[in-house]
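Biologist: Hey, can you put that model up so we can go through some helix packing and the pocket?

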Amino acid sequence: MDIIQLLPDSVANQIAAGEVIQRPASVIKELVENAIDAGAHNIQVLIVDAGKTSVQVIDDGCGMSDTDARLSFERHATSKIRQATDLFSLRTMGFRGEALASIAAVAQVTLQTRARDEEVGTRLVISGSRFEGQEVVSCPVGSNFLIENLFFNVPARRKFLKSNSTEMSNIVQALERIVLVYPDINFTLYNNGMEVHRYQAGTLKQRIIDVFGKRIGKDLLPIEATTSLCHISGFVGSPQSARKKGNNQFFFVNGRYMKHPYFHKAVLTAFDRLLPEGEQVSYFIYFDVNPEEIDVNIHPVKTEIKFQNEQSIWQILMAAVRDAVGNFSDVDMLDFDTEGKPDIPVFNPDENRDIPAPRISFNPEYNPFTATDDKAGRSSSAAVASGSGAQKVPQAASFADFTRSRQQSSAPKGWETLFDKPATEEAKPLAVFPIQLAGQYIVCETQKGLMLIDQNRASQRILYEQYMKSLTEHSAHTQKVLFPEVVQFPPATHALLDTVIPELTSLGFELTNLGGGSYSVEGTPAGLGGMDAAALVSDLVQTAMDSGINVTEELHSILATKLSEEAASPIGVIMSGEEIENMVKQLFQCSVTRYTPSGKPIIALITNDEIARKF
């Protein structure tokens, strides 16, 4: 009996949709890219419930005839290529003819479209790959796609959609990757009937500023390189803008966003020895390459691209970035305008000036080795008059003085006996206080041996538990800043701000909403010292976004961990005896003493047996 059979088109389309359409952001990406290929100058994206209820994309492109509109939803139907060789000369965003068929397989679709040379348009409805009707309508030139109830017929897929804030962040991120390539197109994003973002047509730098805020504009360095292999252009961040997190890093080739770890390494190499360890800069780099020398047909999402001359382009990119950084200078120009400035005397070799002779006091009777006690030392250091230049010569401290000062020191009782006779059980110190080692470790004696405590990590654990308590009890203390700073959050984080900002307030931050994703930082948690408040707030929000956490308790832990790492006692700080004792006491009052919030060890023990083996 034959068991192999052809799958129905509806099933095949659902399988294809699993690769192409993963969430509402995937729908928006495909529809907006189609609008760009259609020559649109204005594109509107309207979503309801972060795309779960509906996604609508309206453009003023070339539109479609009634026949093309019906055919566009068939699998592998496309206007972008005609034959296999066209794959090596692609200049359009789409080419496979799978997107609309995949969307129609897992959603309810309504399309209204009119071609430029048509007087009326057409309206058609498709639900779960099933054609439900088509009719003539009056509509503007362009296309209007309405996608409703995504994954309505695949409940298992719909169940795995994230919260509205997470899906909204994915939508904004997908849209950012497109708007950064086409600064000459107007884009507008609406969510639940309210305008979220509007990107007006302009220059590339202005588009980057519109997307990521004004602060990034002052740190952008232009890069430009033209060779026979490729043309590279765009912007890279200056070394002073380097950060550990929250950097915006984008590669584009022939107008298409791509991920390329190998080229990312080229950018980092150009900044070699210019950035602190673990920090990176933002960059927006655009490659214009002969389409025949790249392959974009590797993965359904088209973000992985192969280059024929990858190593050569790596060298060109590194040199271009290095040139851009080399042209950047932090050094102010010397001001040679001396008008109105005080005169500075100029050396004249012909002018005779008297140089005063040095006055030296010398005591021929002084011998540092004859001083045997306090009295002898003082008598031998008597001043000898030599005209008006009489001077006192300091005495040399005797060994007796050293012994006497040692006996009068404030060391614990019995400490000196460790050096004067063999260390018997009775000769051990009766009281041993924690001491600091190398500005980094605290050493304590225990019954089992010596305990080493990493003071930076201990500080992290102590602060973490304090911040967690503040978040739970809303009891944090705020310290006003002298000069409030403004922090502007990128659009991708706006969906999370309503969740994260109240938690930052519980930590002790005082933030005033200025609108448009901008906040004024007017207060910080007490005890943060001279930290960059705006940068810290930005890092905390970015950390929360990267983690994708929506549960309040887990969000508390992430914020408290990040803040404790930033505010912990830095390595190399010398502490007083009282500060050392307080840190040890506070550490052992914590619920967890051996590990930092991120899981790094705080305590190491050197046992008595290990010490004995050393001797």
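Modeller: Here we go, helix pairs and then the pocket. It's a predicted model, where local features need pLDDT of at least 70, side-chain atom pairs count only at pLDDT 80 or more, and totals for chains, interfaces and linings use all residues. Residues are numbered from 1 along each chain as its sequence is written, and side-chain values use heavy atoms, with hydrogens and water left out.

Biologist: Okay, at what angle do helix α2 and helix α6 pack?

Modeller: About 25°, with the axes of α2 (residues 24-37) and α6 (residues 164-179) 8 Å apart. Axes are lines fitted to C-alpha atoms, for helices over the stretch in contact, and angles run from 0 to 180 degrees between N-to-C directions. Helices are DSSP runs (H or I, at least four residues), strands likewise (E, at least two), numbered from the N terminus.

Biologist: Which residues of α2 and α6 meet?

Modeller: From α2, Pro24, Ala25, Ile28, Lys29, Val32, Glu33 and Ile36; from α6, Glu167, Asn170, Ile171, Ala174, Leu175 and Ile178. Contact means heavy atoms within 4.5 Å. By class, the α2 contact with α6 has 9 nonpolar, 1 polar and 3 charged residues. Ala, Val, Leu, Ile, Met, Phe, Trp, Tyr, Cys and Pro count as nonpolar, Asp, Glu, Lys and Arg as charged, and the others, Gly among them, as polar.

Biologist: Switching to α13, at what angle does that one pack with α14?

Modeller: About 115°, and the axes of α13 and α14 (residues 491-507) are 8 Å apart. Tyr467, Ser470 and Leu471 of α13 meet Glu503, Ser506 and Leu507 of α14. That contact of α13 with α14 splits into 3 nonpolar, 2 polar and 1 charged.

Biologist: And how far apart are the axes of α13 and α17?

Modeller: 10 Å, with α13 (residues 455-473) and α17 (residues 577-587) packing at about 55°. The α13 side of the contact is Gln455, Ala458, Ser459, Arg461, Ile462 and Gln466, and α17 brings Met583, Gln586 and Leu587.

Biologist: Now the largest pocket: what volume does that have?

Modeller: About 1100 Å³. Of its 43 lining residues, Arg243, Lys245, Ala535, Ser538 and Asp539 are the closest to the centre.

Biologist: Which element gives the most to the lining of the largest pocket?

Modeller: α15, with 8 residues. The elements giving two or more are α13, β19 (478-488), α15 (533-547) and α16 (552-567).

Biologist: What's the lining of the largest pocket like by class?

Modeller: 13 nonpolar, 17 polar and 13 charged residues.

Terms used:
1 Å grid on protein atoms, 1.4 Å probe; cavity = no way out; pocket = protein on both sides within 12 Å on 5 of 7 lines; lining within 4 Å. Points joined across faces, edges and corners; volume = space filled by probe spheres on them.
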